[in-house]
Amino acid sequence: MLTPTEEEARIRHRVADLERRFGDPSDPDNPLGLTALLAADERGELLAEAEDALTGFGLNAEFVPTEWGGRLERVDTMGRVLRGVFRRDASLGLGYGATSFLAAVAVWAAGTPEQRRRVAELLLGGGRLAIAYHELAHGNDFVRNEFRATPTPDGFVLDGTKQVINNVVRAEALVLFSRTDEAAGSRSHSVLLIEKDRLPEGRLRYLPRYATVGVRGCQNAGIEFTDCPVEADALVGELGDGVELALRSFQITRSVVPSMILGGGDTALRTAVSFALDRQLYNRSVLEIPHARATLIGAFTDLLICDCLALAATRAVHLLPGETSVYAAAVKYLLPKLLTEATYDLSIVLGANFYVRGGEYGAFQKHVRDLPMISLGHAGTAACQATIIPQLPRLARTAWFRGEPAPRGLFRIRDPLPPLDPARLGLAAGTDGLACSLTGAAQALAEECGERSGASAESAGYAGYTETLVALAHEMEEELRSLQRECAAMPAKDRTALASPRAYAIADRYALLLAAAACLGVWRHQGEEQDSSSGFLADPCWLAVALTRLGKRLGRPLPKLPEGWEEKLLDEVLARYHEARSYDLYDTPIAG
């Protein structure tokens, strides 16, 4: 059993090893750099040399539990490691890695020991899995899927088509969501593990590849089965368990994929900072323009907000599995939304250079194109909001201002976690520790700021932020009370798939409040950790700005921020750029 310090050292080594293998992305002579990656994207390919590098690193081991020979122990660590890939190329992150994990989750959650063994051997041997849940005709309403796996005495017979499946041609095996009963209802579908080398000849046909605007290196195509028999041992879980298994699996994937794509947001901000420093306008750098400075600071703060919520969601899979259904949906909804808006703001800083597809600023345009594609994935924003909305009235009635706050381990970025156990994930939340963390937060902040401001000379700046932080925390708590009243009065129709725009707006406000609670939790508990990043995270400046930005989105009255906050955050942005450190909570050294 490793100590927390040893476990953290091992994780840092993996992150550093991946960075070393890929090298400086801005180096034009680097065969794995942005020049080569952008050229591959123009060709609609994954860079072969980059795939070889990931094979050498053993990336697939990140998707296989340790008990089956891999490195998967913690969901938050997976997101942390994959950011290095997504920072360079989202197509590579999806096409080589994440897609296999999205498919494998169902097997880890409900597969037999033999199925788990075969999937582990496939992935650890450098193979690929593809996931085929949705169909174009029904989108996220996968319960209406028509692809059939008709039960027979010997197993199943597959008939039908699945479209737009990433890696469907290259993958050695597929995880198929299939109709196994003609009756309506949640027991009509099942999940099957289909290994291509076990299929009879002539029963499978590939459909043409789909061209996409973003993640162009991903090979999205379709597949058609015709009267194709498969053995009974292809069934994952029990017959009719498909919907429940999908909902449990989605809680893990919805939590971790947003954490991964923060790497793309890092590159977008880093590219904009590079432009602002290098480009001259009217005999001064773009960085000297107030609007440009404010935009860079805002994007950096939004990345921190996103990472706080991603941290809470991924760690909740281990610590609060009964509440993960709502947190996973919230982070999958809110994080891509904030990143999209941040990249749009940054594009204004770049001006016409935003449209450049190559050269030193070409990475920005690629990440802007890739982000919407990743965000849709297996669950778009509306589907995630639809997961949240029906749960809000019960949470408002029985959890908010009544339940226990989230444990501090939810917010401590390097604390150990209990083993991943998908069986503990609840289909609906009955408690809400993250939202309950807002209860009494203003009073707790007043006490903590007083303690920290008097603890040492380095903490002298806390006193100036106490009033601001207390006021902001109070506004968040009042917003939760307002939301509680609105949820209590929510009409029955708004708790269904026919929910009104007002209900969707309530879900948006709830997600923003979870983000605020996550930011508060990270700040309050990070000062207890002794490492290179805890100094910045323990500073009240970033928290005050983060809560101000969230409060503005919620339409709450905002206190004035103390003098000097812009300079402090801009200094951090520039320091991380010049010293090649990541724009997230971990403040990780990166190549370049």
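The following legends describe close-up views of a predicted model.

**View 1. The largest nonpolar core and its most connected members.** This core holds 173 residues, and Trp400, Tyr510 and Trp542 touch the most other members. Helix H8, spanning residues 290-319, supplies the largest share of the core, with 17 residues. A further core lies apart from this one and consists of 21 residues, including Ala132, Leu176, Leu192 and Ile223.

**View 2. The surroundings of Trp400.** Neighbours within four places in sequence are left aside here.

**View 3. Helix H11 and its cover.** In H11 (residues 381-388), the buried residues are Ala383, Cys384, Gln385 and Ile388. Among the elements that cover these buried residues are helices H7 (242-278) and H9 (324-350). Helices H12 (392-398) and H16 (501-526) also belong to this cover.

**View 4. Packing of helix H8 against helix H9.** The axes of H8 and H9 are 9 Å apart and form an angle of about 165°. Because angles over 145 degrees count as roughly antiparallel, H8 is roughly antiparallel to H9. The crossing of H8 past H9 is left-handed. In the contact of H8 with H9, 22 residues are nonpolar, three are polar and two are charged.

Definitions and conventions. Residues are numbered from 1 along each chain as its sequence is written. This is a predicted model: local features need pLDDT of at least 70, side-chain atom pairs count only at pLDDT 80 or more; totals for chains, interfaces and linings use all residues. Side-chain values use heavy atoms; hydrogens and water are left out. A nonpolar core is a set of buried Ala, Val, Leu, Ile, Met, Phe, Trp, Tyr and Cys residues joined through side-chain atoms within 4.5 Å. Buried means under 20% relative accessible area, exposed over 50%, partly exposed in between (1.4 Å probe, protein chains only). Helices (H or I, at least four residues) and strands (E, at least two) are DSSP runs, numbered from the N terminus. Contact means heavy atoms within 4.5 Å. Axes are lines fitted to C-alpha atoms, for helices over the stretch in contact, and angles run from 0 to 180 degrees between N-to-C directions. Angles under 35 degrees count as roughly parallel, over 145 as roughly antiparallel, 65 to 115 as roughly perpendicular and the rest as oblique. A crossing is left-handed if the near helix is turned anticlockwise from the far one by less than a right angle, and right-handed if clockwise. Ala, Val, Leu, Ile, Met, Phe, Trp, Tyr, Cys and Pro count as nonpolar, Asp, Glu, Lys and Arg as charged, and the others, Gly among them, as polar.
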